[in-house]
Amino acid sequence: MRFDIITLFPNMLSSFFQESILKRAQNKQLAEIHLHDLHDYSQNNYGSVDDYAYGGGAGMVIGIEPVALCIDDLKKERSYDEIIYTAPDGELLSQQRSNCLSMLNNVMILCGHYKGIDERIREHFITLEISIGDYVLTGGELAAAVIVDSVTRLIPGVLNDETSALSDSFQNNLISPPAYTRPMEFRGWKVPDILLSGNHEKIEQWRYEQSVQRTRQRRPNLLNDN
Ligand code: ADE
């Protein structure tokens, strides 16, 4: 799967994509992540890509020309399954949406900006608008990182043990059961006996019950959605 990310701040993202599971996914050639600096498409000598808002107020706005040129350039090379814009008023990102995105081949992400972008970009180029939560960030870079992270780990082969993505929180509208590792006892706090019993059937049953109980306590809306 290939991601092309258009941003004003490529440095904010490059190190994030060079660590941990995302790094491994790229090394295994299961994911390609390309960053494109919107400044490279500036139409003036100053390298700026924003301008005053028509009608006044609202500060500066990212113009349509550099964005259109960049998107056109990328589209010359390949066709895109989705062109995503990150914005607080987009669709709230969900595990279900990440699952769907992980089945695509080419995804472009245009990072939003606190100054706003010319509305015609959203109308004419964007196929999907995504928010990562009901709060406002200074820009869409963190949102793009979240999308790429949550999608890439779902690509078959990215996680060592494929079942570990299937048993994630939210994958079946349940949050994960608690997990423990050594030592068996720390400051008198013990690991539940059932996990030491060696009875795999009972352990699975216990984990399922814990998931349901936790979901009911912490995120009852997930159960109601069923
Ligand atoms: N840009 C600013 N805030 C955002 C949010 N919550 N989600 C996605 N993009 C954003």
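**View 1. Pairing of strands β1 and β6 in the predicted model.** Strand β1, residues 2-7, and strand β6, residues 106-110, run parallel and are joined by five bridges.

**View 2. The open sheet of five strands.** The strands follow the order β2-β1-β6-β5-β7, and their pairing is parallel. Because β2 (32-37) and β7 (128-131) stand at the edges and each has a single partner strand, one side of each is left without a neighbour in the sheet. From one strand to the next, the twist averages 30 degrees.

**View 3. The largest nonpolar core, with 23 residues.** The residues with the most contacts inside this core are Phe3, Ile5, Ile84, Ile109 and Val148. Two or more residues are given to the core by each of β1, α2 (20-27), β6, β7 and α6 (141-152), and α6 gives the most, with five residues. In soluble globular proteins, nonpolar side chains tend to be buried together.

**View 4. The surroundings of isoleucine 109.** When neighbours within four places in sequence are left aside, isoleucine 109 is in contact with Phe3, Asp4, Ile5, Ile6, Ile84 and Thr86, and also with Ala144, Ile147 and Val148. A second, separate core has 21 residues, among them Val49, Cys70, Tyr85 and Leu110.

**View 5. Helix α8, residues 200-218.** The 19 residues of α8 reach 26 Å from the first C-alpha to the last, which is close to the 27 Å expected at 1.5 Å a residue. The buried residues of this helix are Ile203, Trp206, Gln210, Ser211, Val212 and Thr215, and what covers them includes α9 (220-224).

View 6. Cysteine 70 is in no disulfide, and the nearest cysteine sulfur, which belongs to cysteine 111, is 11 Å away. With a relative accessible area of 0%, cysteine 70 is buried, whereas cysteine 100, with a relative accessible area of 43%, is partly exposed.

Terms used
Residues are numbered from 1 along each chain as its sequence is written. This is a predicted model: local features need pLDDT of at least 70, side-chain atom pairs count only at pLDDT 80 or more; totals for chains, interfaces and linings use all residues. Side-chain values use heavy atoms; hydrogens and water are left out. Two strands pair if DSSP finds at least two bridges between them. Helices (H or I, at least four residues) and strands (E, at least two) are DSSP runs, numbered from the N terminus. Axes are lines fitted to C-alpha atoms, for helices over the stretch in contact, and angles run from 0 to 180 degrees between N-to-C directions. A nonpolar core is a set of buried Ala, Val, Leu, Ile, Met, Phe, Trp, Tyr and Cys residues joined through side-chain atoms within 4.5 Å. Buried means under 20% relative accessible area, exposed over 50%, partly exposed in between (1.4 Å probe, protein chains only). Contact means heavy atoms within 4.5 Å. The expected span of a helix is 1.5 Å times one less than its number of residues. A disulfide is a pair of cysteine sulfur atoms within 2.5 Å.
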